[in-house]
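Please have the viewer open as you read.

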Amino acid sequence: MALQSLDIVRRSATTLPEPEVRRAHTGEVAKLIDVTKCIGCKACQVACMEWNDLRDEIGTCTGHYDNPADLSDQSWTLMRFTEYENPKGDLEWLIRKDGCMHCADPGCLKACPAPGAIVQYANGIVDFHEENCIGCGYCIAGCPFNIPRISKNDRKAYKCTLCSDRVSVGLEPACVKTCPTGAIVFGTKDDMKQHAAERIEDLKSRGFDNAGLYDPAGVGGTHVMYVLHHADQPQLYANLPDQPKISAMVGLWKGATKPLALFAIVATALAGFLHYIGIGANETSEADEAEARREIEDMS
Amino acid sequence: MSPPIPERKRDEIVRYAPSTRINHWIVAISFVLLALSGLALFHPALFWLTNLFGGGTWTRILHPFIGLVVIVAFFLLGAKMWGDNRLEDRDWRWLKRFRDVAADREENVPEVGRYNAGQKLIFWVIVVCLPLLLLSGIVIWRSYFAAYFPIEMIRLGGLVHGFVAFVLILAIVIHIYAAIWVRGSVRAMTRGTVSYGWAWKHHRLWFRDAVKGNAPPK
């Protein structure tokens with residue numbers, strides 16, 4: 001949804017800059033998810049459903065705690081549970097709230113061919129504007145985190161909006177509001193980093209030497225960050241990518257090659273036109289007709 | 001006694017049979033629609049082309065089905081033309097004289113059969129590109145097939161689809177220009193006929209076979 005109170009800094013499939021006088025001078029926003037404080041209650045999933053008016057289909061038990069089994073057009077956030085046996089032989093229950101990471105350099109936006117279907121606001125939120133979405137699914141190929149989902153009904157792409165509608169009127173996202181342990185907090189990115197640093201210090205003092213912040217530089221940093229007890233092994237947390245970046249293939253497919261290819265097509269057509277101007281039409285002359293008739297007469 | 005040949009037919013050779021002409025124009029029209037709808041999603045500067053198809057979403061829906069029409073129609077056309085497009089020694093000699101070809105000095109160019117080396121190369125570019133576009137297109141066809149492929153393959157599919165389409169569009173731009181430049185070629189594909197002089201100048205080996213009745217229209 002286009003929100004006047006949020007300034008758009010990037011739109012998918014556009015070649016000119018957006019109006020950029022107004023900026024987020026008070027800082028970009030971020031949601032910090034402290035995995036070490038999460039108890040897996042799924043209240044964030046419920047709050048997300050309620051605020052966004054989403055109701056996923058009732059699924060079936062797949063033998064683990066993830067419910068629903070995967071993100072969908074109706075489930076924009078999902079607790080992913082991992083049972084990890086650490087080197088000491090102890091069980092660690094790692095619960096990661098999965099959903100859009102709101103990358104500073106969004107692969108979905110880069111891959112999208114529909115103008116304005118994906119936008120990035122000045123505060124860092126990456127939002128899908130479904131009224132412009134054509135349903136091609138290229139955002140799925142662009143995303144390094146496997147987040148966008150296409151609706152089976154309207155064939156449009158959906159994902160977490162970071163409650164851009166709430167944020168635009170000064171509220172925190174629904175999942176943040178509801179989290180009973182304070183594992184999810186929201187504020188400016190700088191504040192969230194500072195808060196994370198305090199948490200990490202605390203975790204280190206409790207023996208989690210590798211505790212750290214997940215704010216991957218490969219996508220320019222993210223506006224959803226994690227505090228992890230094992231920041232050196234993010235893949236432990238239901239395959240959170242270690243060093244996510246937009247695939248080189250997407251970069252090639254969507255990068256400088258496109259204007260070059262377009263230029264080459266136009267240049268080829270233009271070369272034909274200039275050739276025609278220079279050489280003139282290749283016509284069959286009367287002499288050619290006469291030669292042809294002579295050959296036929298010689299044959300008979 | 002056979003009836004007299006009508007005057008206007010006297011100096012003409014039928015180059016393309018009606019079925020070939022119809023087939024060619026089905027391929028041609030659907031390919032133009034395919035290229036326009038594809039280019040619309042290829043670069044933002046061309047997104048306005050989606051208006052020709054009823055908007056972005058309709059373009060996304062229609063493009064792959066138009067592609068299937070091209071594949072099927074070209075398969076029939078290509079099967080007919082396959083044998084006459086085999087590259088031979090004289091084709092390489094023709095290509096070496098390409099400067100003379102481009103300068104309309106065909107007297108310096110080796111004699112040509114039903115198709116010249118340039119036409120044959122275009123044919124083989126199409127024959128290679130279309131299956132690649134079909135396969136990569138299926139991989140990125142989100143509504144029906146993409147979910148069955150791993151993400152890395154979809155990314156590769158998008159890249160291959162864009163690149164191969166670029167090559168094919170270049171080839172077709174050249175094909176269209178050649179048909180406009182060499183006067184009489186468009187008539188061959190619309191009315192089916194060429195003049196003796198046209199056949200003699202551009203396809204002399206085929207001309208000799210045709211007037212002897214050894215190269216019926218295809």
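This is a predicted model: local features need pLDDT of at least 70, side-chain atom pairs count only at pLDDT 80 or more; totals for chains, interfaces and linings use all residues.

Residues are numbered from 1 along each chain as its sequence is written, while chains are lettered from A and ligands numbered from 1 in the order in which they are written.

**The sheet**

Helices (H or I, at least four residues) and strands (E, at least two) are DSSP runs, numbered from the N terminus. Strands pair if DSSP finds at least two bridges between them. In chain A, 4 strands make an open sheet with mixed pairing, ordered β9-β2-β11-β10.

| Element of chain A | Residues |
|---|---|
| β9 | residues 184-188 |
| β10 | residues 212-214 |
| β2 | residues 29-34 |
| β11 | residues 224-228 |

β9 and β10 of chain A are the edge strands with a single partner each, so one side of each has no neighbour in the sheet. On average, neighbouring strands are turned by 25° against each other, direction ignored. β2(A) and β11(A) run parallel, joined by 4 bridges.

Helix α6(A), residues 189-205, packs on this sheet and touches β2, β9, β10 and β11 of chain A; its direction makes about 135° with that of β9(A). Axes here are lines fitted to C-alpha atoms, for helices over the stretch in contact, with angles from 0 to 180 degrees between N-to-C directions.

**Where the chains meet**

Counting residues as in contact if their C-beta atoms, placed from the backbone, lie within 7 Å, 43 residues of chain A are in contact with 44 residues of chain B. The largest share of the chain A side, 12 residues, comes from α8(A).

Conventions: Two residues are in contact if their C-beta atoms, placed from the backbone, lie within 7 Å.
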